[in-house]
Amino acid sequence: MIKRAKILLFMAAFLGSLGPSAFAADTAMAFTVSMPKPETHIFHVVFRCDGLKGETQDFVMPAWMPGFYRLMNYERFVSNFRAEDGEGRSLPWEKTAKSTWRVVSGSAPAVVVSYDVFGNTSFVASNFLNEQRAFVAPPGLFMFVEGLLHHPVTVAVQLPPGWARIATGLDPVPGRPYTFSAPDFDILFDCPMLMGNQELAQFEVKGVPHRMAIENVPESVDRRRMAADLQRMVQAATDLMGDIPYKHYTFLLIGTGNGGIEHLNSAACAFNGKSLADEKGYQGWLSYIAHEYFHNFNVKRIRPLALGPFDYDEENLTDMLWVSEGLTVYYEDVVLVRAGLMTPEQFLERMKNAMTRFENSPGQRYQSAAESSLTTWGTSGVGGDRNTTISYYDNGGMLGAMLDLAIRHQSANRRSLDDVMRALYRTYDVGKKRGFTNAEFRQECERAAGGPLAEAFEYAATTKDVDYAKYFAYARLKVEIERQDAPGAYLGLNLRAADGTLTVVEAEAGSPAAGAGLAAGDQLLELDGTKATPKALNDLLAAKKPGETVKVKYARAGASKDIEIALAKNFKRIYSFIPMSAPDPLQTSILKDWLRKAL
Ligand SMILES: [Zn+2]
């Protein structure tokens, strides 16, 4: 009890500096998590709240986990909910909403709720427990009291016999083994916990400890190399950002499948550990970990307004995931190049492959990066119907390169996208302690460039074809596009599918569609007599041969017109880069600064 009083005094002192939202020193919130029968996959959770005010208290389970943009409806794994006062007397309660348990607490000085959570899905946004290990996805294990998300909280864990370790981004409570504290529930929900007997490794960057909890990597893989490489990666990323914004960081290296989720001072990364045994797999792993790590800046701190503080009950929509995810795809490799862990040649190889993949995907004719960002909640972030949707991961990475090269070119190589990331971090996260609007993001980019970046932002907002050649030329690189014959026929339209209509965004220069006079703004109505939909058009182009025709009915300025278009030979675009032979000094200096050496 003395220890608790001390902690409360400390918290009161800490919170005192935050102003009027501080909590009275006589309230406390503490979880105890136990796993009495790990083989049943059931966690037992006890949540004690002292000093709550009010006749009733709503205990709420979040519906999703920030970083994984899909409703998980965690309440479905909860059972055996009970409520008592501090003396063991039952308190009445009722479910008042899907994820809300309302407890009639009256004047009870303490409310103790307890419940079980079933966890048997091995995934970074799900709880898992068996006889060997446990993974806690906190929004799926811990309820919060409505209105008190900002309250400090502790978590004490009773490990099953034979288990010795807990790896998490939470701060340990000194003197209390397996007990952690969080200044509020946003931090608690942001700190997954890995429990069991996983292997630990540690390194420091700028005096800050970085832990690796490893449970899936074969012994043959060199641990010292893993730690040394992650150390260089963290060094490069924090040099780039000019700050190291946490007191400790934990890499949770787990599982067998795929999927990682970033957090403020940790990342849960699932992967096949055997893949690290060969060099290509190891390189891919480094990019993946660098991605999750760089997110501690881009998305956790540098973020659109919608991405924190969070509403845990429902979808938090934004059309800027192409910034939060896409630019992180870009920076995962930039950081590795800076760290000397990836050569410029490897960087360009990956860029070229992403361009080839993206430009040959049918969805890029229909969906923009901004639209893909908004619709991800229905599709878990990796596209829905691939005929009409894109991945903001692929496209966002290239948009990052376009923005970076445009800023370097327009500022005569005095500034880059790095300056934008630093400015967003300092101005909005550190300074204003909030996310940014779309306009503020663009403003920071244009400030760095010293002028408008209309075209790059149009690429993000529409399906307009990217003029890669122009942008990479800023960095002394010539883009070569090899056309390989592909099955089906070619029309050459980029479209926007919305509200049941198909509107032309662009008829590609030299394409059959452009030759027939179709232009931006035209609305496609019918194709060979059937309603024009993305699927109908894709099916038709897949079935037709070059030289065959398609009858197109379209609307322009309120009038409908019919035309017949002869289709051309379909092709696949294969991209590659070659250094330009007679560059000017600006091109040479941009390439050198961008990829850290001349090619
Ligand atoms: Zn990501």
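**A first look at the protein chain**

Hi everyone. Of the 599 residues in this protein chain, 55% are buried, where buried means under 20% relative accessible area with a 1.4 Å probe, protein chains only. Please keep in mind that this is a predicted model, in which local features need pLDDT of at least 70, side-chain atom pairs count only at pLDDT 80 or more, and totals for chains, interfaces and linings use all residues. Residues are numbered from 1 along each chain as its sequence is written, and side-chain values use heavy atoms, with hydrogens and water left out.

Now the overall build. The chain holds 15 helices and 28 strands; these are DSSP runs, H or I of at least four residues for helices and E of at least two for strands, numbered from the N terminus. Its radius of gyration, taken over C-alpha atoms, is 27 Å, close to the 25 Å from the globule rule for 599 residues, so the chain is as compact as a globular protein of that length. That rule is 2.2 Å times the number of residues to the power 0.38. Along the principal axes, the C-alpha atoms fill a box of roughly 85 × 55 × 50 Å.

What about contacts, meaning heavy atoms within 4.5 Å? Among those between residues at least 6 apart in sequence, 69% join residues at least 24 apart.

Met233, Ala236, Ala237 and Leu240 in α3 meet Tyr331, Val334, Val335, Leu336 and Arg338 in α5. By class, this contact has eight nonpolar, no polar and one charged residues; Ala, Val, Leu, Ile, Met, Phe, Trp, Tyr, Cys and Pro count as nonpolar, Asp, Glu, Lys and Arg as charged, and the others, Gly among them, as polar.

Definitions and conventions
Contact = heavy atoms within 4.5 Å. Buried < 20%, exposed > 50% of the residue type's maximum accessible area, 1.4 Å probe, protein only.
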